Amino acid sequence: MATASPIDSSPETRFGGLESCALPRLTVELVPATTICSNLRSILPPEDWDGIRRQAYQNAGYRCEICAGKGSSHPVEAHEQWTYVELPMPAGHTESWQVLTSIWALCPACHEVKHLGFAEQKGRLPQAMAWLAAINGWSFATTVAYAQEAFSTWRQRSRRPWGLDIGWLETIGWHPPVLRWPPSIRETFDVSSVRP
Ligand SMILES: [Zn+2]
């Protein structure tokens, strides 16, 4: 048919459902408040971190790997991508690990969306939300629903301690002396100190 159906012609129907969030181009990635050592910059020697991030920039051609854009003051920034893994342990315990899966080169605008909590702290939530909506082609309602879901997941994850696993660095030729912090979460982290 040459004419679009009423459903297809409605912006709210096209962008308003959470189903459209299944594979967004730009996602929010909030690091739990309870992660032990939350980024590579804080745990690697400065020269190693500089080498790793510059390698990511070069591999991406100094362009954002999501929108292909560049920042005005500097073209791209290094974004650490993590996944979250729960490991069943003896006696019914569970260990939670934040596992490095990639390092992306992102323009400042896309990187700001990844860390939407920091954007909010800096008073830049409206700009970050607008960029998230623009890159994904979302309505305001869908963008807000997605952000609320991201913060809900963040709150859930921030109720327990997370160790850090950076073994992925070995796949790109870096061999840090320690690949996991700490060796045992339960021995070194006071779970009772985690705020609800
Ligand atoms: Zn970008």
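This is a predicted model: local features need pLDDT of at least 70, side-chain atom pairs count only at pLDDT 80 or more; totals for chains, interfaces and linings use all residues.
Local features require pLDDT of at least 70 and side-chain atom pairs pLDDT 80 or more, while totals for chains, interfaces and linings use all residues. Residues are numbered from 1 along each chain as its sequence is written.

The protein chain holds nine helices and four strands. Both are DSSP runs, numbered from the N terminus: helices are H or I with at least four residues, strands are E with at least two. From the N terminus, the order of elements is α-α-α-α-β-β-α-α-α-α-β-β-α. Of the 196 residues, 22% are buried, that is, 20 or more other C-beta atoms lie within 10 Å of their own, with C-beta atoms placed from the backbone. Contacts require C-beta atoms, placed from the backbone, within 7 Å. Among contacts between residues at least 6 apart in sequence, 66% join residues at least 24 apart.

The four strands form an open sheet in the order β1-β2-β3-β4, with mixed pairing. Two strands pair if DSSP finds at least two bridges between them. Strands β1 (77-88) and β4 (180-181) each have a single partner strand and stand at the edges, so one side of each lacks a neighbour in the sheet. Helix α4 (residues 46-59) packs on the sheet and touches β1 and β2. Its direction makes about 50 degrees with that of β2.

Strands β1 and β2 run antiparallel and are joined by 12 bridges. E77 stands opposite L106 in β2. The hairpin of β1 and β2 has five residues between the strands, and A91 takes a positive phi near 60 degrees there. Strand β2 (residues 94-106) runs parallel to β3 (residues 163-165), with three bridges between them. W97 stands opposite G163 in β3.

Helices α7 (residues 125-136) and α8 (residues 140-157) pack at about 115 degrees, their axes 10 Å apart. Axes are lines fitted to C-alpha atoms, for helices over the stretch in contact, and angles run from 0 to 180 degrees between N-to-C directions. The angle therefore makes α7 roughly perpendicular to α8, a class spanning 65 to 115 degrees. Their crossing is right-handed: the near helix is turned clockwise from the far one by less than a right angle. M129, L132 and A133 of α7 meet F140, T143 and A147 of α8. By class, this contact has five nonpolar residues, one polar and no charged. Nonpolar covers Ala, Val, Leu, Ile, Met, Phe, Trp, Tyr, Cys and Pro; charged covers Asp, Glu, Lys and Arg; the others, Gly among them, are polar.

Notes: Angles under 35 degrees count as roughly parallel, over 145 as roughly antiparallel, 65 to 115 as roughly perpendicular and the rest as oblique. Two residues are in contact if their C-beta atoms, placed from the backbone, lie within 7 Å. A residue is buried if 20 or more other C-beta atoms lie within 10 Å of its own, exposed if 12 or fewer, and partly exposed in between; C-beta atoms are placed from the backbone.
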